[in-house]
Number of protein chains: 2
Amino acid sequence: MTAETMHPADRFCVVYRITAADHAEAKNFAKDVALEQTVELPESSIPAGLLRDAVMGQIMDIRQVEGDSRRFDATISYHFETTGYKIPQFLNVLFGNSSMRNNLKITKLSLPDEFLKHFQGPRYGIEGLRKKMGVYDRPLACTALKPMGGSIKDLARMAAGFVRGGGDILKDDHGLADQSYHPFKERVLRCQEAVSQANAESGNTAIYCPMISGQFDEIEEQVHFALDNDVQGFLIAPLLVGFDTMRYLAEQCKVVIIGHPALSGVFYSNPDHGITPAVLLGSIYRLLGADISIFVNYGGRFPLTKADCLDLSEALRAPFGKLRPCFPSPAGGMSVDKVGEMVQTYGKDTVFLISGALIQYSPDMETSTRAFMDKIHQYSE
Amino acid sequence: MTAETMHPADRFCVVYRITAADHAEAKNFAKDVALEQTVELPESSIPAGLLRDAVMGQIMDIRQVEGDSRRFDATISYHFETTGYKIPQFLNVLFGNSSMRNNLKITKLSLPDEFLKHFQGPRYGIEGLRKKMGVYDRPLACTALKPMGGSIKDLARMAAGFVRGGGDILKDDHGLADQSYHPFKERVLRCQEAVSQANAESGNTAIYCPMISGQFDEIEEQVHFALDNDVQGFLIAPLLVGFDTMRYLAEQCKVVIIGHPALSGVFYSNPDHGITPAVLLGSIYRLLGADISIFVNYGGRFPLTKADCLDLSEALRAPFGKLRPCFPSPAGGMSVDKVGEMVQTYGKDTVFLISGALIQYSPDMETSTRAFMDKIHQYSE
């Protein structure tokens with residue numbers, strides 16, 4: 001490929017929020033980033049050549065954030081081809097080496113349709129998942145099978161109770177891996193059996209999504225075992241098993257994909273540096289193919305703000321090339337009592353994930369789930 | 001497995017540095033973490049059962065950091081079995097959900113030999129790599145083939161110049177992926193050919209380590225292609241392709257593994273939250289099997305301090321079960337002029353990575369590399 005075949009319009013944009021003393025400092029920093037993320041050489045050392053202008057990051061705009069004299073939004077464009085259209089290198093171009101700087105936060109991705117068409121995104125998305133489940137007019141209800149260390153029998157009983165109580169989506173707690181006290185295969189088999197049986201008895205259409213967190217060389221086996229045993233969805237934490245693993249499984253497997261945020265907090269704990277939840281758990285998880293993206297709700301034990309949560313929900317649902325919209329799923333410190341507020345905040349196209357609070361609500365999961373569903377119905381009329 | 005077969009001594013410890021108002025607040029936070037990282041339920045809701053005490057995280061110690069009334073080191077132990085002895089779930093236990101809190105920094109891992117024996121760690125390590133290269137009495141010299149967008153012919157010429165100049169280790173710049181202007185296979189083939197030929201002509205034993213950053217389902221093919229064409233090492237960024245991918249490749253392939261820190265900066269940019277470079281790029285990368293761990297040197301364009309860099313080097317080289325010691329490789333803003341200072345700081349068991357500054361040193365890579373090697377020899381006598 002030569003510069004002639006690298007169409008100059010084939011560029012996407014990344015907005016970096018820079019903390020700097022003034023506009024000049026911000027501009028110098030943005031120049032550094034544009035080079036660091038591509039040629040990784042000072043401009044004076046880049047060999048002359050046809051590809052130079054196409055390959056280098058280019059500053060498109062720098063402007064002070066309104067009302068904040070120390071923050072500047074720098075928009076840098078990169079040529080599509082720098083990513084090879086592959087997720088690991090795409091993330092490398094966004095933030096690979098610059099993650100090791102400071103005072104640099106990715107707040108927005110502008111990915112043109114021509115770039116996005118290389119990615120499948122969510123297989124079901126909001127509309128497809130509603131159709132699959134036959135639930136159209138209300139938020140979906142999710143819980144997590146827990147605790148780690150519980151017996152498979154107890155986990156399966158909990159699963160059945162949730163399904164009989166009218167719940168929609170069951171996922172493993174993300175710490176349920178392949179431990180000897182509840183090995184992956186036996187656990188998945190028994191929990192899916194319990195869900196299938198309770199569905200048959202109750203007429204529910206609930207799905208069970210086991211956590212896929214095996215080793216690189218175990219993932220395919222876990223996935224095939226789950227598919228062979230009627231599993232309809234997977235829970236995947238991209239930070240634990242690799243970002244591209246989620247993309248691959250979403251493309252290959254006809255299942256619902258739930259993205260889990262485990263280990264992702266380091267990207268957004270620093271207000272001045274990293275990647276915002278809206279970009280990481282929103283745009284990027286959606287690009288990877290999440291049908292549902294779990295995040296920690298505001299007002300609970302985690303520090304995300306309401307604005308963070310709403311920005312993230314917007315990134316999951318707003319138009320994004322031809323990629324289907326994805327369900328936001330606030331979790332963590334949620335409770336049955338808060339369902340009304342949550343419906344008001346997030347709207348109907350949301351998956352509410354309540355786990356600990358359902359266990360605390362009553363000793364019987366079916367009873368707890370009925371209370372959860374009653375609230376959802378009550379506030380969805 | 002029951003509580004009787006989960007030996008109570010089979011626990012490893014994690015030290016979390018907590019920022020809190022006082023000891024009581026720190027203790028409550030530590031209790032939250034011990035639960036969050038395992039059963040993920042309030043203590044009152046955990047079903048009674050044989051496994052409860054074994055599965056829950058346990059606070060072993062909390063003490064104020066000397067001279068800092070707002071910082072506390074909390075040591076929490078976890079049972080080996082909670083990890084299933086698998087990397088993704090091990091990382092999940094360390095920091096999965098707690099990554100989404102704040103004011104919590106992992107500063108140390110204490111992994112007993114009985115736990116570490118489940119991992120191979122570095123295949124070569126410092127001693128093995130020295131033996132492989134026949135270089136015993138000096139630091140090793142490394143450079144990066146760059147820039148992204150350069151022609152394969154130019155990259156191969158640069159590689160040959162480095163080898164003829166006496167350099168030891170060539171790696172791809174980490175942005176060289178599978179872009180159409182230098183596709184993975186052709187680039188790897190030509191660069192390895194250039195290195196092999198220059199080795200044969202000069203009597204050098206240099207190795208070439210291409211960047212392995214393909215998709216989940218491409219990695220094996222890239223690796224087999226490289227191995228079939230005499231490649232002796234791989235450059236891998238665990239954050240880009242998945243932590244366990246490095247573990248798997250280090251175990252499966254008889255090659256030198258270089259760990260790259262791309263995207264890792266978010267773990268240590270926040271002074272109060274995350275995972276220190278010593279734990280992440282030191283202990284964890286070594287556990288994954290890195291023979292060489294690249295990090296950003298102090299005093300350059302990146303914000304790591306000299307103390308960070310020395311702690312990290314110590315974590316790579318100090319006793320760690322039966323895992324072999326790993327070479328620290330400071331990089332970023334290094335130059336030929338600084339070699340003396342670097343040898344003094346890091347000692348001989350170090351891989352010095354200079355890339356941009358070699359290109360700037362002279363228009364001829366062989367000449368630049370000779371100057372680099374002369375300095376290394378001069379300061380290693």
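A: Start with one term: two residues are in contact when they have heavy atoms within 4.5 Å of each other. The model here is a predicted one.

Now the meeting of the chains. Chain A brings 79 residues into contact with 80 residues of chain B. The size of an interface is often given as the accessible area lost when the parts come together. Between chain A and chain B, that buried area is about 7000 Å². Carbon and sulfur atoms give 60% of it.

Charges also meet here. There are 10 salt bridges between chain A and chain B. One of the pairs is A:Lys86 with B:Asp178, whose closest N and O atoms are 3.8 Å apart. Polar contacts across the interface link 33 residue pairs. Which helices of chain A each supply at least two residues of the touching side? They are α3 (87–95), α8 (219–228), α9 (238–241), α10 (243–252) and α14 (356–361). By class, that side of chain A has 35 nonpolar, 30 polar and 14 charged residues.

Look next at helix α3 of chain A. Of its 9 residues, 9 are buried, so the helix is largely enclosed by the rest of the structure. Among them are A:Ile87, A:Phe90, A:Leu91 and A:Phe95. A:Gln89 and A:Asn92 are buried too.

Now go to the nonpolar core. In soluble globular proteins, nonpolar side chains tend to be buried together. The largest nonpolar core in this model has 284 residues. Within it, A:Ile169 and B:Ile169 touch the most other members. Beyond its neighbours within four places in sequence, A:Ile169 contacts residues including A:Leu129, A:Met133, A:Phe162, A:Ile258 and A:Val351.

A:Ile236 sits in strand β8 (residues 233–236). A:Gly259 sits in strand β9 (residues 256–259). A:Ile236 touches A:Gly259, and its other partners include A:Ile212, A:Met246 and A:Ile258. A:Gly259 in turn contacts A:Met246, A:Tyr285 and A:Ile292, among others.

Sequence and space can be set side by side. A:Gly259 and A:Ala141 are 118 residues apart in sequence, and their C-alpha atoms are 16 Å apart. A:Ile236 and A:Gly134 are 102 residues apart along the chain, with 24 Å between their C-alpha atoms.

How values were computed
Residues numbered from 1 in each chain as written. Chains lettered and ligands numbered in written order. Predicted model: local features only at pLDDT ≥ 70, side-chain atom pairs only at ≥ 80, totals over all residues. Heavy atoms only, no water. Core = buried A, V, L, I, M, F, W, Y, C linked by side-chain atoms within 4.5 Å. Buried < 20%, exposed > 50% of the residue type's maximum accessible area, 1.4 Å probe, protein only. Buried area = accessible area lost by both parts, 1.4 Å probe. Salt bridge = Lys/Arg side-chain N within 4 Å of Asp/Glu carboxyl O. Polar contact = N/O pair within 3.5 Å; in protein donor to acceptor, adjacent residues only side chain to side chain. Helix = DSSP H or I, 4+ residues; strand = E, 2+ residues; numbered from the N terminus. Nonpolar A, V, L, I, M, F, W, Y, C, P; charged D, E, K, R; others polar.
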